[in-house]
Amino acid sequence: MLKRLNKILTMFEDVFNRKASFHWFVIILLGLVVREDTLGLTAIIRALTLCPSQYENMLKFFKANSWEVKNLQKRWC
């Protein structure tokens, strides 16, 4: 299953202009899969046992200009 998930996620890599943005994309998606509650980004941080200080970095991902939602949507389709 992990190989399949990796194959799917890497199909999105070229949607991102920066490697760091792609890495945050993967982290956030995995966090969404394994989280046990729906209390926002903090649920992802708890589920992945990330340092709480990463909350600000995670927020920056959503404001980054290194990717566009429309490109992500195109790739998804």
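A pocket is an open set of grid points with protein on both sides within 12 Å along at least five of seven lines, and its lining residues have an atom within 4 Å of a point. In this predicted model, the largest pocket is lined by Met 1, Leu 2, Leu 5, Leu 9, Leu 29, Leu 30, Val 33 and Val 34. Helix H1 (2-10) and H2 are the elements that give two or more residues to this lining. The largest share, four residues, comes from H2. By class, the lining holds eight nonpolar residues, no polar residues and no charged residues. The volume of the largest pocket is about 170 Å³.

Helix H2 spans residues 19-34 and includes Ser 21. The relative accessibility of Ser 21 is 4%, so Ser 21 counts as buried, the cut-off being under 20%. Residues up to four places away in sequence aside, Ser 21 touches Phe 16, Phe 61, Ala 64, Ser 66 and Trp 67.

Ala 43 lies in helix H3, residues 41-47. Ala 43 is buried because its relative accessibility is 2%, against the cut-off of under 20%. With neighbours within four places in sequence left aside, Ala 43 is in contact with Arg 35 and Asp 37. A separation of 18 residues in sequence lies between Ala 43 and Phe 25. In space, the C-alpha to C-alpha distance between Ala 43 and Phe 25 is 15 Å.

Technical notes
Residues are numbered from 1 along each chain as its sequence is written. This is a predicted model: local features need pLDDT of at least 70, side-chain atom pairs count only at pLDDT 80 or more; totals for chains, interfaces and linings use all residues. Side-chain values use heavy atoms; hydrogens and water are left out. Buried means under 20% relative accessible area, exposed over 50%, partly exposed in between (1.4 Å probe, protein chains only). Contact means heavy atoms within 4.5 Å. On a 1 Å grid over the protein atoms alone, a cavity is a set of points where a 1.4 Å probe fits but cannot get out, and a pocket is an open set with protein on both sides within 12 Å along at least five of seven lines; lining residues have an atom within 4 Å of a point. Grid points are joined across faces, edges and corners, and a volume is the space filled by probe spheres set on the points. Ala, Val, Leu, Ile, Met, Phe, Trp, Tyr, Cys and Pro count as nonpolar, Asp, Glu, Lys and Arg as charged, and the others, Gly among them, as polar.
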